[in-house]
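Here is a short report on one protein chain. Look at the sequence and the model first, then read on.

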Amino acid sequence: MGLYDRLVVEDGLTLPKFPTGRQPSEIDWQTKDIGHPIGQQYKLTVDGRLLRHEEEYREKTPVEKQSEAESHGFDSWAEYEAFCENADPGDLLERGLAPIAPQSQTVAEEFWLDHNMHGSFEFHGSRDDIADGLFWSYEARFTRGALDAIVFLGRRGDDESAVFKPDESDVVRF
């Protein structure tokens, strides 16, 4: 298994052999082929670009820190930090806390940057109520940031020799 990146495929983007009346956004897509997978999120857009999700951080305000501390049953941020630094992992879990120190920063802004992809990557996904849970596999091909084609790779890990939707093309060119 290991790490993977998430991919959002915008509705309106044509995927070969994808069921009529269904949208690509209905599937949680994954890839391990865009650089080194680190749990990043990407978006494949209708206009044929690959975007990367980014975040900028800022320090939490004293009011935000106090509110977070109180939500976990502490009187102050300092008390919350001290407890987390010195507590047994079992005590943290018992209180519903992660076994890491409280984060003093929070997301200030989220945005999408053009990844300017050159090359190709595979992406995969499935959903039980679409085509009897078919495990969809595609390859997206880019040249200098522009999507050239999406290729249907078929079923993965399936020994069936039957071709899915044989009357439809395996490739959509952009």
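## Overall layout

Along the sequence, the chain runs β-β-β-β-α-α-α-β-β-β-β-β. That comes to three helices and nine strands. Helices (H or I, at least four residues) and strands (E, at least two) are DSSP runs, numbered from the N terminus.

The model is predicted: local features need pLDDT of at least 70, side-chain atom pairs count only at pLDDT 80 or more, and totals for chains, interfaces and linings use all residues. Residues are numbered from 1 along each chain as its sequence is written, and side-chain values use heavy atoms, with hydrogens and water left out.

## Surface and contacts

The chain has 174 residues, and 33% of them count as buried. Buried means under 20% relative accessible area, exposed means over 50%, and partly exposed lies in between (1.4 Å probe, protein chains only). The chain exposes about 10,500 Å². Carbon and sulfur atoms supply 47% of that area. Accessible areas come from the Shrake-Rupley method with a 1.4 Å probe; for residues, only the protein chains shown count as cover.

A contact means heavy atoms within 4.5 Å. Take the contacts with a separation of 6 or more: 60% of them join residues 24 or more positions apart.

## Paired strands

Two strands pair if DSSP finds at least two bridges between them. Strand β3 (residues 41–44) pairs with β4 (residues 50–59) in the antiparallel sense, over three bridges. Tyr 42 has Arg 52 in β4 as its bridge partner. The two strands β3 and β4 form a hairpin, with five residues between them. Gly 48 in the turn has a positive phi of about 80 degrees.

β4 also pairs with β5 in the antiparallel sense, over nine bridges. Here Leu 51 stands opposite Asp 114 in β5.

## Two positive phi angles

Most residues other than glycine have a negative phi. Lys 17 is not a glycine, yet its phi is positive, about 65 degrees. Lys 17 lies in the loop between β1 (5–9) and β2 (29–31).

Asn 116 also has a positive phi, near 50 degrees. Its place is the loop between β5 (105–114) and β6 (119–126). Are these two residues buried or exposed, fully or partly? Lys 17 counts as buried, at 3% relative accessibility. Asn 116 counts as partly exposed, at 48%.

## Nonpolar cores

A nonpolar core is a set of buried Ala, Val, Leu, Ile, Met, Phe, Trp, Tyr and Cys residues joined through side-chain atoms within 4.5 Å. The largest one has 21 residues. Leu 7, Trp 29, Phe 121, Phe 123 and Tyr 138 have the most contacts inside this core. β1, β3, β6, β7 (135–143) and β8 (146–152) each give two or more residues to the core. β7 gives the most, with four residues.

## Aromatic rings

Rings of Phe, Tyr and Trp (its six-membered ring) pair if their centres lie within 6.5 Å; planes under 30 degrees apart count as stacked, over 60 as edge-to-face and the rest as tilted. The whole structure has 12 aromatic pairs. Trp 136 and Tyr 138 are stacked, because their ring centres are 6.4 Å apart and their planes are at 5 degrees. Both Trp 136 and Tyr 138 are buried. They belong to one aromatic cluster, which also includes Phe 18, Trp 29 and Phe 152.
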